[in-house]
Amino acid sequence: MPEKQIDPYAVAGVAMGTFNENSSSSVGAYMPLNNRYAWRLNCEEGSDYGVDPQDYKTRDAYHEALYRMKYKWREYCEDDSEFGLDPQWFELESDYEKALDSLKIINTRTMRLIFRPLPM
């Protein structure tokens, strides 16, 4: 059975004028009714990575899954320690690939200059 969707009006409780009628305290009567999942209303978007906050009960679990999916490209990317590039320096795989390609081109041109035969 799917988990119940969060009602943003219930989460915002006080601002929307909702109150807990069962509360014995007049101070606690204006507490939001269901704010356990309020973090879902303003969390980082994860749909590009196949991660939905509705599938997670805690903010930490969601962020961990999002981070894992967002940066999993770093696990299988080409290891280019010879060029001094670290995938951890890059947010996006495309940026890493561009930097790597640029270094390969520079390296190829440098090698051609170094090993060019001398004129006789």
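I take helices to be DSSP runs of at least four residues, numbered from the N terminus. The model I am reading is predicted.

**Entry 1: Arg 40**

I looked up Arg 40 and found it in the loop between helix H2 (13-16) and H3. Is Arg 40 buried or exposed? Its relative accessible area is 7%, and buried means under 20%, so I note Arg 40 as buried. I then checked the side chain of Arg 40: one of its polar atoms lies 2.5 Å from the backbone oxygen of Tyr 56. I also noted that Tyr 56 forms one aromatic cluster with Trp 39 and Tyr 62.

**Entry 2: helix H3**

I compared the length of H3 with what its residue count predicts. H3 has 12 residues (residues 59-70), and at 1.5 Å a residue these should span 16 Å. The end C-alpha atoms of H3 are 16 Å apart, which agrees.

Which residues of H3 are buried? I list Tyr 62, Ala 65, Leu 66 and Lys 70. An α-helix has 3.6 residues a turn, so residues three or four places apart point the same way. On the face of H3 turned away from the buried side I find the exposed residues Asp 60 and Glu 64. What do the buried residues of H3 pack against? They pack against helix H4 (73-76).

**Entry 3: nonpolar cores**

I looked for the largest nonpolar core and found 8 residues in all: Tyr 71, Trp 73, Cys 77, Phe 83, Leu 85, Phe 90, Tyr 96 and Leu 100. A second, separate core has 7 residues, including Tyr 37, Trp 39, Tyr 62 and Ala 65.

**Entry 4: aromatic pairs**

How many aromatic pairs does a search of the whole structure find? It finds 5. I looked at the rings of Tyr 67 and Tyr 71: their centres are 4.7 Å apart and their planes stand at 55°, so I record the pair as tilted. Tyr 67 is partly exposed, with a relative accessible area of 48%, whereas Tyr 71 counts as buried at 11% relative accessibility.

Trp 73 and Tyr 96 form another tilted aromatic pair, 5.7 Å centre to centre with 45° between the planes. Trp 73 lies in helix H4 and Tyr 96 in helix H5 (residues 93-114), so this pair ties together parts that are 23 residues apart in sequence.

Terms used: Residues are numbered from 1 along each chain as its sequence is written. This is a predicted model: local features need pLDDT of at least 70, side-chain atom pairs count only at pLDDT 80 or more; totals for chains, interfaces and linings use all residues. Side-chain values use heavy atoms; hydrogens and water are left out. Helices (H or I, at least four residues) and strands (E, at least two) are DSSP runs, numbered from the N terminus. The expected span of a helix is 1.5 Å times one less than its number of residues. Buried means under 20% relative accessible area, exposed over 50%, partly exposed in between (1.4 Å probe, protein chains only). Contact means heavy atoms within 4.5 Å. A polar contact is a pair of N or O atoms within 3.5 Å; within protein, one must be able to donate a hydrogen and the other to accept it, and residues adjacent in sequence count only if both atoms are side-chain atoms. A nonpolar core is a set of buried Ala, Val, Leu, Ile, Met, Phe, Trp, Tyr and Cys residues joined through side-chain atoms within 4.5 Å. Rings of Phe, Tyr and Trp (its six-membered ring) pair if their centres lie within 6.5 Å; planes under 30 degrees apart count as stacked, over 60 as edge-to-face and the rest as tilted.
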